[in-house]
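Visitor: Could you walk me through this model, one question at a time?

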Amino acid sequence: MTTDFPRRPSPDGTTTPPPGCPAHGPTEGSGGPRRLHGPEAEADQRGLYEALRAEHGAVAPVLLHDDVPAWLVLGHAENLQVTRSPGQFSMDSRLWSGLRDGTVRPDHPLAPIFTWQPVCAFVEGTQHSRLRAAITESLKRLNSRGLRRYINRSSNELINKICEQGRGDLVSQFAEHLPMMVMTHIIGMPEEYNDRMVEAARDMIKGTETANASNAYVMDALHRLVARRKREPDEDFTTWLIEHEAGLTDKEAAEHLRVTLIAAYETTANLIANVLRMVFTDPRFRSRFGGGQMTLPEAVEQTLWDEPPFSAMLGRYAVSDSELGGQHIKAGDALLLGIAAANTDPLIRPDLEANMRGNRAHLAFGGGPHECPGQDIGRAIADVGVDALLMRLPDVRLTVEADTLEWTGSILSRHLVQLPVRFEPRPPQDVVATPRATPHPPSTEDWLVSSVPQPRPAVARAEPAGPVRQAEGNSPLPSRPPTADGEPVRNAPGRMWAHLVRWWRGY
Ligand code: HEM
């Protein structure tokens, strides 16, 4: 079954498809489905969501590329309802009537996102529990403190490459590299981290000819890794995945490494860039040094509300007919989680300028049984990475006005093109030895080192933790020049504070 999108009675009393109905071609702004793609839609995603909300309420009919119809879920409560009802809204794309009746061509630009694969992100029930357990339990074995040290060290390596120049682009020279350095370390192939891997990870979800070659490149590396770890187990995510009692086949292990790499890479790169943008431009963060308004972990959380790395997610597919947000959803319909729209739902956020103070009720990581299992790793990479950057380059500042920053967009996410910055040139520094991701008793507490809702020592509010300190103006100003290990020179109480912060942060 396929949904008939909302119809209005015509003046002569007959029911005709509304202007904008897929059957009659889309018309903007007329109460019918709107296109989510194209330059206009991508130029002002937030405006589009608000127009859809005004016209349709919490769930709106929309058009994907080729004017394929789908539902965009805009309401926060409705998004939660969808993610928490896998029996009604499944991730199994084979249910999509558009695919079954040929409305959606197999080479549709979003095919890499919706083409079904036997991995956790496309299955439900016991099949999902088995595959997901292998991932979550293997991720839990990571030594979170060691990982934070590795993130810090990798960040410093990247900073070493630009610090003498006094200028750089923090998207292409920092945000796009750090998550790949960390993820290749986590899965146990740090030697594979290079520009080609970064390129391939970005390219493989695009659905072009080069995307296929990139996918082959990544999969070849992952298959070799699985074979190597079966011969020589190590203390890394890949070994734990293979050894997990779920008994993944070699193919399943390689496919899940790929899922993890893809899910982690672009999202975290976006988060870092967006947090940096906020740090440079948002007065709530800038005035922190003076007024104590926002810590770095709070800035990460605020960014996840205001600029989530996935603005929308395809998809969920209706298992049977139902009603959602006042719309009649038919079995086989496709739904997009409207993450950015849900995060700005006036019912939960009447004042978009309000500081969310670390509130984690945003939907940046989805929800329900598929909720992102790597979210605290993503948070840690952004938090520690930005912290390290501001520590080493405390006078770093944007060289352009915030409102001239450019974005590239798609239906599912938007990316900052560049973050051009300047700072005082400095010599490179020695980078501390890398700790290994040794086994660790499962402990989410460690991850919550960067978690805002955790109680923090009272002193942490009075004194800025780490380098996240700014005076007036556009630059986070240094209090002291940094030393060889990346820490500013401090007086005795400062050193004590540094030790306390290190203990508290775990690195
Ligand atoms: C800021 C960074 C990240 C963001 C915004 C993000 C966001 C998401 C979202 C929205 C989903 C889909 C949830 C749903 O369908 O309800 C997801 C799934 C997933 N993410 Fe993340 N993610 C991030 C980082 C990571 C990292 C670092 C890892 C791995 C270390 C990871 C691994 C996964 C996996 C394996 C899934 C599929 C889970 C399943 O289907 O059960 N993600 N992520």
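**Strands, ligand shell and helices**

Visitor: How many bridges join S8 to strand S11?
Guide: Welcome! This is a predicted model, in which local features need pLDDT of at least 70, side-chain atom pairs count only at pLDDT 80 or more, and totals for chains, interfaces and linings use all residues. Residues are numbered from 1 along each chain as its sequence is written. Helices (H or I, at least four residues) and strands (E, at least two) are DSSP runs, numbered from the N terminus, and two strands pair if DSSP finds at least two bridges between them. S8 and S11 (residues 334-337) run antiparallel, and the bridges that join them number four.

Visitor: Which residue in S11 stands opposite Leu-314?
Guide: S8 covers residues 313-318, and S11 covers residues 334-337. The residue in S11 opposite Leu-314 is Leu-336.

Visitor: How many residues of strand S8 are buried?
Guide: A residue is buried if 20 or more other C-beta atoms lie within 10 Å of its own, exposed if 12 or fewer, and partly exposed in between, with C-beta atoms placed from the backbone. By that count S8 is mostly covered, and its buried residues are six of six.

Visitor: What is the omega of the peptide bond that joins Leu-314 and Gly-315?
Guide: Most residues other than glycine have a negative phi, and most peptide bonds are trans. Gly-315 has its place in strand S8. The bond from Leu-314 to Gly-315 is cis, with an omega of about 0°.

Visitor: Is Asp-66 buried or partly exposed?
Guide: Asp-66 lies in the loop between strand S4 (59-64) and strand S5 (68-73). Although Asp-66 is not a glycine, its phi is positive, about 65°. Because Asp-66 has 14 C-beta neighbours inside 10 Å, it counts as partly exposed.

Visitor: What phi does Arg-357 have?
Guide: Arg-357 sits in the loop between helix H17 (339-343) and H18. With 13 C-beta neighbours inside 10 Å, Arg-357 counts as partly exposed. Arg-357 is not a glycine, yet its phi is positive, at about 50°.

Visitor: Which helix gives the largest share of the shell around the ligand?
Guide: The ligand is surrounded by 29 residues, and the closest are Ala-264, Gly-366, Cys-372, Gly-374 and Gly-378; a residue is near a molecule if its C-beta atom, placed from the backbone, lies within 6 Å of it. Helix H6 (125-140), helix H13 (250-281) and helix H18 (375-392) each supply at least two residues of this shell. The largest share, seven residues, comes from H13.

Visitor: At what angle do the axes of H13 and helix H16 cross?
Guide: Axes are lines fitted to C-alpha atoms, for helices over the stretch in contact, and angles run from 0 to 180 degrees between N-to-C directions. The axes of H13 and H16 (residues 296-306) come within 9 Å and cross at roughly 110°. Angles of 65 to 115 degrees count as roughly perpendicular, so H13 and H16 are roughly perpendicular to each other. The crossing angle is thus roughly 110°.

Methods: Parallel < 35°, antiparallel > 145°, perpendicular 65-115°, else oblique.
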